[in-house]
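Dear colleague,

Please find the structure below, handed over for your use.

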Amino acid sequence: MVESLILIRFSLVPELPDIVVYIEALEKRILGRRLEHVGIASPFLLRTASPPVKDAEGKTVVRLRRLGKRICIGLDNDIWLVLHLMIAGRLHWKKRDAKLSPPRGLAALDFANGTLLWTEAGSQKRASLHVVAGEEGLSALDPGGIEVFESDLERFAAVLTSANHTLKRALTDPRLFSGIGNAYSDEILFEARLSPLALTQKLKPEQIERLFAAVRNNLGQWTDRLRQLSRDEFPEKVTAFRPEMAVHGRYKEPCPRCQEKIQRIRYAANETNYCPKCQTGGKLLADRRGGQECPPYTSIQSYSIPSSFASAFHLPSTSERVFASITISSGQGRAKPSVDHLRVASMPIFDP
Ligand SMILES: [Zn+2]
């Protein structure tokens, strides 16, 4: 019996810059407008029972805000609609009464001037809608990470060094920092010229200062860039991989600063990209799969596929790393991954 292991990398949950640009686009269209109707097509979408979603209908949008990687729409009766797009969920601005067609279409929010359509690709529905009342309801959904643009260096340093983790892990922990995920953390560490595996409590004050500047600069610049890209259009091209990124998703490509080949560390099924010359003093970092940073398997599911057998191993580490790997066993020599295998492996699996 031959086994081959393939690791599938997914595009990731939209991070702070994407969410900010979504919110700005929504403000232009729905702020001050009356939400006339909420249509929900997917039975998996709504995660709360009280207050009922009907309470949001007929009310006016008075505020929009971001909560980590969620979009919150506040109505004039202090009811909030909290949208988590997860990996494959996207928003679209359409003409009024745009058709909501399942399974891709999850929900439609009708306003007099148009319809906000919420879709999700793939067969596993992970996107979520919470309907909550007031600040109390919102804070129950808040993982607690600080907002880097509202923090000073001192607060940033205190949160960063509150435990001794690798920089990569600390930056992407939603309980420490709000809205930063796998893509922008790679970019931030490149800009700060720091190793993703540097330990937070071993950092020198000047390194923390450099990181703080890089976090704000990078997220700020990306927000501006995405704003320019969407201009007056509704942002439709939301992705975690952008060709303008310096290191993220650019394994083996030349570093834009020094031309050295971009490297990667794979741990669990996740991948971190960095430049050895700029970030680690030329040192190649070890693959962490099976090492300390590898989280335990929390669930293993098996899928029966004709002529072979595939298992999807679900590897949650921090919230937004969503991956699957599949092992294909076949009695007939080397089994090549089929389209069916890829379909199994490309299902988003985890909630944050
Ligand atoms: Zn470099």
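How many of the seven residues of strand 7 are buried? Five of them are, so strand 7 is largely enclosed by the rest of the structure. A residue counts as buried if 20 or more other C-beta atoms lie within 10 Å of its own, as exposed if 12 or fewer do, and as partly exposed in between, with C-beta atoms placed from the backbone. Helices (H or I, at least four residues) and strands (E, at least two) are DSSP runs, numbered from the N terminus.

Two remarks on the source are needed before going further. This is a predicted model, in which local features need pLDDT of at least 70 and side-chain atom pairs count only at pLDDT 80 or more, while totals for chains, interfaces and linings use all residues. Residues are numbered from 1 along each chain as its sequence is written.

The chain as a whole

The chain has 352 residues, and 41% of them are buried. Its secondary structure consists of eight helices and 14 strands. Of the contacts between residues at least 6 apart in sequence, 64% join residues at least 24 apart; two residues are in contact if their C-beta atoms, placed from the backbone, lie within 7 Å.

Strand 7 and its partners

Strand 7 (105-111) is joined to strand 2 by five bridges, and the two run antiparallel. Strands are said to pair if DSSP finds at least two bridges between them. Leu-35 has Phe-111 of strand 7 as its bridge partner, and Phe-111 in turn has Gly-114 as its bridge partner in strand 8. Strand 7 and strand 8 (residues 114-120) pair in the antiparallel sense over six bridges, and a hairpin of two residues connects them.

The nonpolar core

A nonpolar core is a set of buried Ala, Val, Leu, Ile, Met, Phe, Trp, Tyr and Cys residues joined through C-beta atoms within 7 Å. The largest one has 70 residues, and Leu-81 and Val-82 have the most contacts inside it. Helix 1 (residues 16-30) gives the most to this core, with eight residues. Domain 1 (16-139) and domain 2 (147-292) both contribute residues, so the core lies between them; these domain bounds come from an automatic or database domain assignment. Leaving aside residues up to four places away in sequence, Val-82 touches Leu-67, Arg-70, Cys-72, Leu-129, His-130, Val-132 and Leu-141.

Helix 3

In helix 3 (residues 153-160), the buried residues are Phe-156, Val-159 and Leu-160. Seen down the helix axis, they fall within an arc of 100°, so they line one face of helix 3; the arc is that of the directions from the helix axis to the C-beta atoms. The face turned away from this buried side carries the exposed residues Glu-154 and Ala-158. Helix 4 (167-171) and helix 6 (205-230) are among the elements that cover the buried residues of helix 3.

Backbone details in the loops

The peptide bond from Ser-50 to Pro-51 is cis, with omega near 0°, and Pro-51 lies in the loop between strand 2 (34-40) and strand 3 (59-67). A cis peptide bond also runs from Pro-102 to Pro-103, with omega near 5°. Pro-103 is in the loop between strand 6 (89-94) and strand 7, and Asp-97 is found in the loop between strand 6 and strand 7. Asp-97, a residue other than glycine, has a positive phi near 65°.

Yours sincerely
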